[in-house]
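User: I have a structure to go through and I'm new to this. Can you take my questions as they come?
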Amino acid sequence: CRRRAARDVRAPRHRRPRPPAPPMSPAPRAVVVLAALALSALILPIGVVVLLALALVGAVIVDARAARRAPTVTRQAPEVLSRGISAPFGITATPAAGGTVVTRQPVPANVRIEPDSITALRRGRHVLPPVASRSTGPLKLARWDHAATGEAEVRVFPDLHTARRLALAVARGRFRDQGNVARGPLGLGTEFELIRDYVPDDDVRQVNWRATARMGRPMSNQYRLEQDRDLILLIDAGRLSTAPLAEATILDAELDAASALAFVADELGDRTGAVAFDDDVRVALTPQRKGGQVVVRALFDLEAAPVDSDFELAFRRAEANKRALVVVLCDLLEEAAARPLVRAVPVLTRRHHVVVASPSDPALEAIANQEGEDRLARPRATVARDVLAGRARAAAQVRAAGARVIEAPPDRLPATLVATYLRAKSRAIL
């Protein structure tokens, strides 16, 4: 019994790893020739067959030595991609001693590679695995597998193609909702500069009564026109932004819209800043000139976290800035989820003009309007309408708190927000 128990408690045997496959292998032509020699043994003398077999072995060895020389493999892959936008891609292989070369590029997740193009479906950093190659000798009798080339990192940004197109349209005055876009000193806001003696032409609202009482003579505040405006992008990277939306996520749609706004602000000379947050502030960028590029580089690989977002914390981080257009990019799912946002909106509206932007789901709207003979069509439509009604109630609560609400499908959200931004500038809101 003790011996049996001792055998039972022994550590399980681990299987030995399989030895790696040899890099050299005969080509199909060598196998065909060998089969022909085997059949010829029925009609030819055995000595002749043996000589032919030895000749075949020698030819395979010579061909294998030629195929063993590593080919020159070059991969033409872009370092930067825009999500969903195809870019040129190619692999060039040159055999070292004649013959042919076949290459194979393993494809990582969320990346699609065609013979001459590459498309990334998700933002962030993606690694292209090494390219494997197999050389066939000049006689096409032997093949040799070569070690793969190095890896390559590809950075995938939001949809910069649309962002640049919108910025170019605004710069050329061809944006359909552009209207009269003011530039330079717009007179939309003022900054305190100094206190000076009162002059008869001063507006009575400029009188500094405290300084007047202290100095014993009328004193006025002098202001100067602000030469630029601030655009602050608040991006919710909490659990609601992890929801899928077509081939992307809510966060992808948010960053596409944020990139378009940032590029247009750069074109118009405004300063751009951003705050990305979940239950904590993850990225905070103070507004600066030409800040669009900085914002895009800082947020392109941002990933949503499965935690509830702390809107008040993020809003207080942005509230300290001077008067600005604050665009909050989040998902207005339903009333309960929107309560933290509704409670936090007054933190910003006391000083800033606030726009809450949320991507809508065209698939959900299609289900809500679906009519068919399928017995599940009506229940699905009822549920979809309930979800849309919850979104509408959440949006109404946000409006009641003092913010403007913008909802649009992901493909139209960037242009819709750009139009809202331009109208805010032309109406002296910003």
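Predicted model: local features only at pLDDT ≥ 70, side-chain atom pairs only at ≥ 80, totals over all residues.

User: What is the span 30-62 made of, helix or strand?
Analyst: Residues 30-62 are 85% helix and 0% strand.

User: What does UniProt call it?
Analyst: An unreviewed UniProt entry annotates residues 30-62 as "transmembrane region".

User: New topic. How many salt bridges are there?
Analyst: The count comes to 14 salt bridges. In one of them, Asp-252 meets Arg-123, at 2.5 Å from N to O.

User: Where do those two sit?
Analyst: Asp-252 is in helix α6, while Arg-123 is in the loop between β8 and β9, so the pair ties together parts 129 residues apart in sequence.

User: And are they buried or exposed?
Analyst: Asp-252 is buried, and Arg-123 is buried too.

User: What about Arg-393, which residue does it pair with?
Analyst: Arg-393 forms a salt bridge with Glu-335, with the closest N and O atoms 2.7 Å apart. Arg-393 belongs to helix α11 and Glu-335 to helix α9, so this bridge links parts 58 residues apart in sequence.

User: Which residues are joined into one network?
Analyst: Arg-125, Glu-153 and Asp-301 are, through salt bridges that share partners.

Notes: Residues numbered from 1 in each chain as written. Heavy atoms only, no water. UniProt positions renumbered as here; feature names shortened; annotations may be inferred. Helix = DSSP H or I, 4+ residues; strand = E, 2+ residues; numbered from the N terminus. Salt bridge = Lys/Arg side-chain N within 4 Å of Asp/Glu carboxyl O. Buried < 20%, exposed > 50% of the residue type's maximum accessible area, 1.4 Å probe, protein only.
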